[in-house]
Amino acid sequence: MSLTFGFSGRTAVITGAAQGIGAEIARFFQASGARIAPFDLDPERLKARWGTRSDNVAPLAVDVSDADAVVEAIDDVARWAGSVDIAVNNAGITRDAVVWKMTTAQWQHVLDVHLGGTFNITRAVLPHMRGAGFGRIINVTSYTGMHGNIGQANYAAAKAGIIGFTKTVAKEVARFGVTVNAISPNAATAMVADIPDDKLAELTAAIPQGRFAEPAEMAPAVAFLAADEAAYITGAVLPVDGGMSM
């Protein structure tokens with residue numbers, strides 16, 4: 001058996017796909033033969049990256065925290081492609097503050113996008129996957145969700161919640177031929193670019209490989225979990241972090 005990352009005939013929905021990790025994951029699936037539906041909140045950035053709808057790309061401006069909008073978008077993808085086989089829950093934001101200064105809006109918005117968005121997309125795609133007897137859901141969590149980080153109680157709570165969500169849904173849908181896994185990435189994204197230089201140097205020093213990954217280095221891990229050959233892997237959290245979580 002060989003792992004070829006061939007996704008011809010598959011349709012992949014990727015959230016937060018206008019830039020960074022999400023865009024690279026979508027690009028990898030597209031290069032591997034999949035039809036892709038890149039979702040993002042920013043329609044202009046989405047169009048600049050993916051253009052307009054074609055036979056194999058269906059960019060959709062979607063607020064993943066809006067449950068009704070998500071259902072409408074997923075049904076649109078299913079009509080366009082005929083199936084929804086893979087879902088990658090990558091969309092995320094930060095609203096950092098120490099907890100005694102964090103507003104209710106900052107807390108809620110981060111949870112709504114990360115954890116709520118993961119729930120909304122997952123709930124919307126599962127009827128399509130269950131009906132087909134096949135599905136791959138890959139959620140993006142974080143080292144912060146397992147270890148915490150000062151000023152990110154909202155982000156840490158959301159990412160920790162995604163881990164519990166991943167394992168629970170994996171148990172619920174295993175009998176339908178659907179797997180649910182997560183990756184914990186460590187890449188040089190826009191979020192990393194906002195970190196002050198002294199803090200960034202400290203974080204980099206904690207990585208055994210001595211560097212943040214390029215966003216494109218996250219895509220093969222997601223593709224592996226989405227592949228036919230990974231059918232016996234579910235409920236796992238795969239660190240893709242240069243050894244930081246060891």
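Predicted model: local features only at pLDDT ≥ 70, side-chain atom pairs only at ≥ 80, totals over all residues.
1. Helices (H or I, at least four residues) and strands (E, at least two) are themselves DSSP runs, numbered from the N terminus. With that in hand, β1 and β2 run parallel and are joined by five bridges.

2. Residues are numbered from 1 along each chain as its sequence is written, and side-chain values use heavy atoms, with hydrogens and water left out.

3. Back to the strands. Strand β2 (residues 35-40) is mostly covered, with five of its six residues buried; buried means under 20% relative accessible area, exposed over 50%, and partly exposed in between (1.4 Å probe, protein chains only). On to strand β3 (residues 60-61): two bridges join β2 to β3, and the two run parallel. Here Asp40 has Ala61 as its bridge partner in β3.

4. Going from β1 through α1 to β2, the chain makes a right-handed β-α-β crossover. That label applies if, with the strands pointing away from the viewer, the path from the first strand over the helix to the second runs clockwise. A right-handed β-α-β unit is also made by β2, helix α2 (residues 43-50) and β3.

5. Which aromatic pairs turn up? A search of the whole structure finds two. Rings of Phe, Tyr and Trp (its six-membered ring) pair if their centres lie within 6.5 Å; planes under 30 degrees apart count as stacked, over 60 as edge-to-face and the rest as tilted. Phe7 and Phe29 are edge-to-face, at 4.9 Å centre to centre and 75 degrees between the planes. Phe7 sits in the segment before β1 (11-15) and Phe29 in helix α1 (residues 20-31), so this pair links distant parts of the chain, 22 residues apart. Both Phe7 and Phe29 are buried.

6. The rings of Phe119 and Phe165 have centres 6.4 Å apart and planes at 80 degrees, so that pair is edge-to-face. Phe119 is partly exposed, at 35% relative accessible area, whereas Phe165 is buried, at 18%.

7. Finally, charges over rings (NZ of Lys or CZ of Arg within 6 Å of the ring centre and within 35 degrees of the ring normal). Arg10 lies over the face of Phe134, 3.6 Å from the ring centre. Arg130 lies over the face of Phe176, 4.2 Å from the ring centre.

Technical notes. Pairing = 2+ DSSP bridges.
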